[in-house]
Amino acid sequence: MSNGDLHYEGEFPIVIEGLTNAFGDFVVHDQLDLKVRRGEILGVVGGSGTGKSVLMRAIIGLQIPREGSIEVFGQRITDAEPDEVIGVRNRWGVLFQGGALFSTLTVAENVQVPLKQFYPELQHELLDEISRYKVVMTGLPADAASKYPSELSGGMRKRAGLARALALDPELLFLDEPTAGLDPIGAAKFDELLRELTDTLGLTVFLITHDLDTLYAICDRVAVLADKKVIAVGSIPELLESDHPWIQEYFNGPRARAALTAKSNADRRAKSMDKPAGDKA
């Protein structure tokens with residue numbers, strides 16, 4: 001399905017101002033501000049308990065904030081009635097941790113869930129065609145469409161969850177720790193797929209991750225959650241100019257240096273492959 005006639009042309013499809021999220025007396029976010037640029041992959045990082053998933057849930061309407069404003073595609077969604085934002089919610093896709101697939105449905109049937117919700121008039125044959133297309137788009141074999149989640153590997157389940165998130169041809173994609181639990185090769189392949197899909201489909205991606213390899217490999221900018229706020233947003237080189245102790249520890253630690261080395265080696269290999277035959281410079 002396509003929302004092409006509604007495609008957002010503004011600079012910031014997500015604008016958050018003065019956001020406060022709390023559970024009773026426990027305040028998770030206090031006057032948090034964030035703008036997500038159209039077409040970017042924004043990595044969201046922070047220590048345990050900083051509310052990365054809570055922030056994502058607030059944006060997609062699963063967490064009601066105590067204060068503040070959230071605008072998606074220029075429309076305020078905080079305090080809005082469900083019917084007022086129905087035309088916004090079918091323009092984003094979500095991949096929760098672990099894939100969150102329905103275990104009693106096949107992969108194809110999982111992909112069809114949002115299609116049936118927003119487009120109940122679609123015929124069964126078209127639903128099958130769309131779901132098969134989305135499955136193959138995410139790098140799964142065509143026969144995976146008829147399998148149940150329990151028959152898939154962890155990496156395949158993540159891709160199946162991604163296929164469902166892409167079912168409605170969204171402009172926005174929300175991913176919560178998509179490479180968690182994957183081996184390094186599987187995680188790298190998922191990152192490559194996500195970068196390719198983002199560039200090909202013109203997506204804007206809100207990506208919660210703790211995977212430094214992912215941050216270095218595919219994220220255009222990184223937002224850092226600490227002290228109940230977004231304390232910094234920028235490229236990794238820009239973040240490294242910050243003197244905040246958490247940022248310095250996170251991006252200058254041994255794992256970060258290993259991720260940077262891997263990124264540099266990958267860039268060199270890519271450049272060498274781009275050189276014309278016989279060019280030894």
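Residues are classed by relative accessible area as buried (under 20%), exposed (over 50%) or partly exposed (in between), with a 1.4 Å probe and protein chains only. The model is predicted, so local features were required to have pLDDT of at least 70 and side-chain atom pairs pLDDT 80 or more, whereas totals for chains, interfaces and linings use all residues. Numbering starts from 1 along each chain as its sequence is written, and side-chain values rest on heavy atoms, with hydrogens and water left out.

Nonpolar cores were defined as sets of buried Ala, Val, Leu, Ile, Met, Phe, Trp, Tyr and Cys residues joined through side-chain atoms within 4.5 Å. The largest core has 31 residues, of which Leu162, Leu173, Leu215, Val222 and Phe251 touch the most other members. Helix α6 gives the most to this core, with five residues. A second, separate core holds 29 residues, including Phe73, Val88, Ile208 and Val230. In soluble globular proteins, nonpolar side chains tend to be buried together. Contacts (heavy atoms within 4.5 Å) of Leu173 beyond four places in sequence include Gly93, Leu162, Leu194 and Phe206.

Helices are DSSP runs of H or I with at least four residues, numbered from the N terminus. Helix α6 spans residues 184-201 and contains Asp191. Asp191 is buried but has no salt bridge, a term that requires a side-chain nitrogen of Lys or Arg within 4 Å of a carboxyl oxygen of Asp or Glu. The nearest side chain of opposite charge to Asp191 is Arg159, 9.4 Å away. Outside four places in sequence, Asp191 is in contact with Thr179, Asp213, Thr214 and Ile218.

Aromatic pairs were assigned to rings of Phe, Tyr and Trp (its six-membered ring) with centres within 6.5 Å; planes under 30 degrees apart count as stacked, over 60 as edge-to-face and the rest as tilted. Five such pairs are found in the whole structure. Trp246 and Tyr250 are stacked, at 4.6 Å centre to centre and 15° between the planes. These two residues are four apart in helix α9 (residues 245-252), and therefore about one helical turn separates them. Trp246 is partly exposed because its relative accessibility is 23%, while Tyr250, at 16%, is buried. Tyr250 also pairs with Phe251, edge-to-face because the centres are 5.0 Å apart and the planes at 85°. Trp92, Phe174 and Phe206 form one aromatic cluster.

A charge was placed over a ring if NZ of Lys or CZ of Arg is within 6 Å of the ring centre and within 35 degrees of the ring normal. Lys35 lies over the face of Phe12 at 5.1 Å from the ring centre, and Arg91 over that of Phe73 at 4.1 Å.

Definitions and conventions
Lys and Arg count as positive and Asp and Glu as negative; His and the chain ends are not counted.
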